[in-house]
Amino acid sequence: MSHIDTSIPSEAEIVARAEAMIPWLREKADATERARMVSRETIQAFQEAGFFRILQPRRWGGYEMNPNVLNKVLMELARGCPSSAWNVMVLGVHPFEVGLLDPRCGDELWGEDNTRLVSSSYAPFGTVTAVDGGYLLNGEWLTSSGCDHAAGGAFLGGRVAENGETVFRSFWVQAGDFEIVDDWHVVGLAGTGSKKLIVREVFVPAYRSHVIAAYDDASHGQVNDLYKMPFFYVFYAAVSSVIIGMARGMVDLYIEHMVPRQNLNQAVGAAVNDPFIRGRLGEASAKILACASRVLHNTEEAWSYASQGRLVPLDVRVRHFATNQFTGGECFEAAHMIFKKTSTRGVWLNNPMQRQLRDILVGANHITQNQDNIGDLLGGQLLGNPMPAANPFGVRV
């Protein structure tokens with residue numbers, strides 16, 4: 001039986017633990033990419049640092065902290081190894097979801113071992129059928145990051161017909177009820193181990209499921225204050241935070257690369273005297289800082305409601321949810337801007353900047369960074385348009 005320490009560190013202490021790991025994670029980043037998964041040693045170090053407890057309910061030994069604590073941790077860890085930080089993001093955000101479910105789920109997940117982790121695959125790849133007492137799941141769910149470390153199973157997303165309408169639900173499936181297939185061969189974030197899960201005729205009791213976008217008094221009236229934050233927002237902001245950390249890591253690597261560099265073909269000599277090298281760095285840093293400030297500000301504003309036991313108003317939720325989704329594109333622009341100034345030296349496989357850029361590219365492709373569609377929704381709301389029938393806010397129109 002394994003239980004975690006129930007003493008709760010301060011925000012400054014837990015963020016400092018993440019910052020201290022950056023050099024160690026950077027040393028392991030190449031090996032993590034080659035292995036196509038994060039090592040058990042690294043996951044254990046994250047466990048001991050308390051990163052997976054940040055959003056875990058106190059009832060089961062967690063810290064139940066402001067989500068910005070996790071966001072700040074992710075912004076540090078991804079400077080060292082984006083894939084490792086991505087695992088912390090995915091495995092670290094699901095304890096929040098357990099806080100939304102029937103308490104029987106937390107008892108079953110953490111009653112004997114409150115260090116157990118849960119992975120996920122929310123895109124509705126498989127099929128779901130409502131049956132007596134619950135749901136029957138079948139099919140394949142792709143890209144379950146960190147699933148090799150998830151002894152607590154996985155949250156799987158699916159659309160199901162209920163009461164004459166189609167709803168989007170999340171289902172907690174036990175680890176023994178799916179098969180992991182190693183199909184994760186990708187251009188970036190290769191170390192996340194985001195493998196495929198195969199589910200065959202698995203029954204999930206109704207109490208292990210929830211409508212993932214539901215956000216009203218019926219769904220959130222009885223939960224603790226932390227879990228009055230919108231789950232979609234918490235999850236999307238965590239993804240944005242990892243990508244911000246990746247971009248910050250790109251700046252770190254760029255500075256280390258440029259400080260000793262001499263430009264062979266230009267009269268300025270030392271790279272630090274090149275106005276374009278300096279200018280790109282300054283502009284990229286400003287873009288990344290703007291992204292970080294926005295995510296942290298949005299989360300703090302939402303927390304100002306939830307920490308007082310109140311639901312976040314719809315207009316505020318739309319603004320937060322939408323503006324965070326521009327993070328991936330803006331961070332990739334910043335990273336690519338400075339990568340181009342490395343010229344040929346940046347393209348070698350032994351230069352970590354090329355891996356960092358590939359990881360940012362793949363992170364920016366995540367559905368949580370879909371700035372095109374969400375920009376339309378936000379702009380429409382600002383112009384007074386009605387909420388579309390298909391929306392991520394649980395609003396029925």
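Trainee: Which residues have the most contacts inside the largest nonpolar core?

Mentor: Those are Phe46, Phe51, Ile54, Leu77, Met89 and Phe96, in a core of 105 residues. Helix H8 (residues 231-258) gives the most to this core, 19 residues. Please keep in mind that this is a predicted model, where local features need pLDDT of at least 70, side-chain atom pairs count only at pLDDT 80 or more, and totals for chains, interfaces and linings use all residues. Residues are numbered from 1 along each chain as its sequence is written, and side-chain values use heavy atoms, with hydrogens and water left out.

Trainee: What makes a set of residues a nonpolar core?

Mentor: Its members are buried Ala, Val, Leu, Ile, Met, Phe, Trp, Tyr and Cys residues joined through side-chain atoms within 4.5 Å. In soluble globular proteins, nonpolar side chains tend to be buried together. Apart from the largest core lies another core of 16 residues, including Leu137, Cys147, Leu197 and Val199.

Trainee: What does Phe51 contact, leaving aside neighbours within four places in sequence?

Mentor: Phe51 is in contact with Ile14, Arg17, Ala18, Met21, Phe46, Leu70, Val73, Leu77 and Val88. A contact here means heavy atoms within 4.5 Å.

Trainee: Why is Thr42 called buried?

Mentor: Buried means under 20% relative accessible area, exposed means over 50%, and partly exposed is in between, with a 1.4 Å probe and protein chains only. Thr42 has 0% relative accessibility, so it counts as buried. Thr42 sits in helix H3 (residues 40-49), and beyond four places in sequence it touches Trp24, Leu25, Lys28 and Ser84.

Trainee: And what makes Leu289 exposed?

Mentor: Leu289 has a relative accessible area of 55%, so it counts as exposed. Leu289 belongs to helix H9 (residues 275-306).

Trainee: How do you know what to call a helix or a strand?

Mentor: Both are DSSP runs numbered from the N terminus: helices are H or I with at least four residues, strands are E with at least two.

Trainee: Why do strand E2 and strand E6 count as edges of their sheet?

Mentor: The open sheet has four strands in the order E2-E3-E7-E6, with antiparallel pairing. Strand E2 (127-131) and strand E6 (179-181) each have a single partner strand, so one side of each has no neighbour in the sheet. The twist averages 15° from one strand to the next.

Trainee: What makes strand E3 and strand E7 a pair?

Mentor: Two strands pair if DSSP finds at least two bridges between them. Strand E3 (residues 134-144) and strand E7 (residues 195-205) have eight bridges, in the antiparallel sense. Tyr135, for instance, stands opposite Val204 in E7.

Trainee: What is the strand order of the sheet with mixed pairing?

Mentor: That open sheet of four strands runs E1-E4-E5-E8, and its twist averages 35° from one strand to the next. E1 and strand E4 (residues 154-162) pair in the parallel sense over three bridges. Helix H5 (residues 82-98) packs on the sheet, touching E1, E4, strand E5 (165-173) and E8, and its direction makes about 85° with that of E1. Such angles run from 0 to 180 degrees between N-to-C directions, with axes fitted to C-alpha atoms, for helices over the stretch in contact.

Trainee: Why is Thr143 called partly exposed?

Mentor: Its relative accessible area is 42%, so Thr143 falls in the partly exposed class. Thr143 lies in strand E3 and has a positive phi of about 55° although it is not a glycine. Ser343 has a positive phi too, of about 50°, and is not a glycine either. At 38% relative accessibility, Ser343 counts as partly exposed.
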